[in-house]
Amino acid sequence: MNAVLVIDKPAGLTSHDVVSRVRRIVRQRAVGHLGTLDPMATGVLPLVLGSLTRLAQFYTACEKVYEGTIRFGFATDTYDTEGEAVGEVREVTLKEPDVQEVAGKFRGWIEQTPPPFSAKKIHGVPAYKLARKRQDVELEPVKVEIKEFSILGVTKDRVEFRARVASGTYMRSVAHEMGQLLGCGAHLERLRRTAVGEFGIPNERPQRTQSSIKEKTAYSLEELAVAAESGSLEELVVHPRKLLPEMPAVTVTDDVAAHVRCGRAVNLPELSRAKLVKVFYGQRELIAIASRVAGTLFHPKIVLASSAVTEVMPSNRNL
């Protein structure tokens, strides 16, 4: 099966856990995800199946949208609710003007230090492995972009927020650093991702321009399993025409499709100014992403052959 599915990840599972379960449900090994979610987080986790796993390279820099809750009064070693409290636990009553002023420091391009419990590597070793051994973890600050950061509500010691961020941004670090600036400690209590690139959950996203509105629907693992049992998985997949909307698409003839499938350059006169294009055979079969060589000549950057063989796994529907 060559497809993209959007899973609504439950809390308590890692992104790898979700991939493993989906592999069993759809009975194939070629399954990957388009952006890790922490175990405590929920929400949009796009998965690529079969030959479409090769599309992952085009999603490494896509923006993400989150909604969540920051709890103030104490920090944790993981910067979220799953960690152990660090320092004294204080009772606080937040004032919205103070929160709004601090939130303003987390908009635009900022220097951010990743959490010690993260996949960032130190001398080739993931930071979380060192942190679990209680070893000192010193990560260098990195430059990240927070395109939107809205405070939705302030209630005593908790702040509800919505953020739209570039790839590589840690909302756990935002929560931790806000606690430091307010002098009372803080950690991320709840996080839900509502969009990744063009994939989103309806009615859980900020208002955007009409051209960028997310139209995808995310499904639970249970819904996926039911669809697999009933033979209706195709009803859950994202239509290939909606993938990578920033790239123009072209539908080619039998002869041109044959050349593309063999990795040969072809002329696409209708797309002479595009740098990258999606090449379709028919309405639903995405056969390649092609890059412009010169003029109207395009060469397949990746070929997504529908005849690609995927390794079939034994049936195991257990979630």
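View 1. Take the contacts (heavy atoms within 4.5 Å) with a separation of 6 or more: residues 24 or more positions apart account for 67% of them. The protein has six helices and 18 strands, taken as DSSP runs numbered from the N terminus (helices are H or I with at least four residues, strands E with at least two). Of its 319 residues, 47% count as buried, meaning under 20% relative accessible area with a 1.4 Å probe and protein chains only. This is a predicted model, in which local features need pLDDT of at least 70 and side-chain atom pairs count only at pLDDT 80 or more, while totals for chains, interfaces and linings use all residues. Residues are numbered from 1 along each chain as its sequence is written, and side-chain values use heavy atoms, with hydrogens and water left out.

View 2. pLDDT, the predictor's confidence in each residue from 0 to 100, averages 87 here, and 85% of the residues score at least 70. Residues 205–216 fall below 50, though the model still gives this stretch 26 contacts beyond near neighbours in sequence. Residues 307–319 also stay under 50, with 29 contacts beyond four places in sequence. Where pLDDT is low, the predicted coordinates should not be read in detail.

**View 3. The largest nonpolar core.** This is a set of buried Ala, Val, Leu, Ile, Met, Phe, Trp, Tyr and Cys residues joined through side-chain atoms within 4.5 Å, and it has 29 members. F72, F149, F161, M171 and M178 have the most contacts inside it. Among the elements giving it two or more residues are strand 4 (64–72), helix 2 (96–103) and helix 4 (171–182). Zoom in on F149 and you find it touching F161, M171 and M178, among others. Apart from this core lies another, of 23 residues, including L34 and L286.

**View 4. D157, tucked into a loop.** D157 sits between strand 10 (142–155) and strand 11 (158–165). It counts as buried because its relative accessibility is 14%. Leaving aside neighbours within four places in sequence, its contacts are I70, R71, F72, V92 and L94. Its side chain also makes a polar contact with that of R158, at 3.0 Å.

View 5. Strand 16 (276–281) and strand 17 (285–294) run antiparallel, joined by six bridges, with K278 opposite I289. Three residues separate them, and G282 in the turn has a positive phi of about 80 degrees. Strand 17 also forms a hairpin with strand 18, with two residues between them and G295 in the turn.

Key: Buried < 20%, exposed > 50% of the residue type's maximum accessible area, 1.4 Å probe, protein only. Polar contact = N/O pair within 3.5 Å; in protein donor to acceptor, adjacent residues only side chain to side chain. Pairing = 2+ DSSP bridges.
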